[in-house]
Amino acid sequence: MTRAVLSIGANLGDRLANLRSVLDALGERTRAVSPVYTTAPWGGVEQDDYLNAVVVAEDPSFDDYDWLRFGQRLEQAAGRVREVRWGARTLDVDIVQCVDGGEAVVRDSDPTLILPHPEAYHRAFVLVPWLDVEPDARLHVDGAQVPVADLLAAVDPAERAGVVRTDLVLREGARPC
């Protein structure tokens, strides 16, 4: 069985509906959903703010490439266009981490899929919501399993402050944790 930590974000179109489409597609595979956050864009491209969240999902039939294809299909269904690196998007589904058989999958030289996500450890918009759903989470960084709380503490305070929790929810009837 594989367990995936997915970072989802959107800053074009109906941002909340685009995020909810991920949960609709995951269905019963969803194990945890963070609150929704608003965040400034990352990467230096001028654009509107994002809505971001983290979803933890499990599927006994999925491997890490299945999670990649799953996310790409959802992005395509939401009309995502890849023209500018770190540019605006209707939906972004990133695999932050994939665990198979209790072990974090590490792929550092695969041209198709790098795991864990190579930028996740210094992105507050990933770490903050992840800690909401898994306070003891750990991420493989430079050959070691590092507590996500420690990684977040190392992120620039201004970037951490820019991750602002909203009252929006991804599941109807659910309350933010």
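Tutor: Two rings of Phe, Tyr or Trp make a pair if their centres lie within 6.5 Å. Keep in mind that we are looking at a predicted model. By this rule, the count comes to 3 aromatic pairs.

Student: Why is the pair of F62 and F70 called edge-to-face?

Tutor: Take the distance and then the angle. The ring centres of F62 and F70 are 6.2 Å apart, which is within 6.5 Å, so the two rings pair. Their planes stand at 65°, and the label edge-to-face applies over 60 degrees, so that is the name the pair gets.

Student: How do you know whether F62, F70 and W67 are buried or exposed?

Tutor: Compare each relative accessible area with the cut-off for buried, which is under 20%. F62 has 13%, so it counts as buried. F70 has 5%, so it is buried as well. W67 has 1%, so it also falls on the buried side.

Student: What about T90, buried or exposed?

Tutor: The relative accessibility of T90 is 14%, so this residue counts as buried. You will find T90 in the loop between α2 and β5. Its side chain reaches the backbone oxygen of A78 at 2.9 Å.

Student: Which residues touch the most other members of the largest nonpolar core?

Tutor: They are I8, L19, L26, W67, I95 and L170, out of 28 residues in that core. At least two residues each come from β1 (2-10), α1 (15-26), β4 (50-59), α2 and β5. The largest share, 5 residues, is supplied by α1.

Student: What does I8 touch?

Tutor: Leaving out residues up to four places away in sequence, the partners of I8 include L19, V22, L51, V55, V93 and L170. N52, A53 and D92 are also among them. There is a second, separate core too, with 24 residues, including V5, V54, L139 and V141.

Student: Why would nonpolar side chains gather like that?

Tutor: In soluble globular proteins, nonpolar side chains tend to be buried together. Here, 50% of the 177 residues count as buried.

Student: How many helices and strands does the protein have?

Tutor: Its secondary structure comes to 5 helices and 9 strands. Along the sequence, the pattern reads β-α-β-β-β-α-β-β-α-β-β-α-α-β.

Student: What makes the protein as compact as a globular protein of its length?

Tutor: Set its radius of gyration against the globule rule. The radius is 15 Å, close to the 16 Å that the rule gives for 177 residues, so the protein is as compact as a globular protein of that length. Along the principal axes, its C-alpha atoms fill a box of roughly 35 × 35 × 35 Å. Among contacts with a separation of 6 or more, 68% join residues 24 or more positions apart.

Definitions and conventions. Residues numbered from 1 in each chain as written. Predicted model: local features only at pLDDT ≥ 70, side-chain atom pairs only at ≥ 80, totals over all residues. Heavy atoms only, no water. Phe/Tyr/Trp six-rings, centres within 6.5 Å; stacked < 30°, edge-to-face > 60°. Buried < 20%, exposed > 50% of the residue type's maximum accessible area, 1.4 Å probe, protein only. Helix = DSSP H or I, 4+ residues; strand = E, 2+ residues; numbered from the N terminus. Polar contact = N/O pair within 3.5 Å; in protein donor to acceptor, adjacent residues only side chain to side chain. Core = buried A, V, L, I, M, F, W, Y, C linked by side-chain atoms within 4.5 Å. Contact = heavy atoms within 4.5 Å. Rg over C-alpha atoms; globule rule 2.2 N^0.38 Å.
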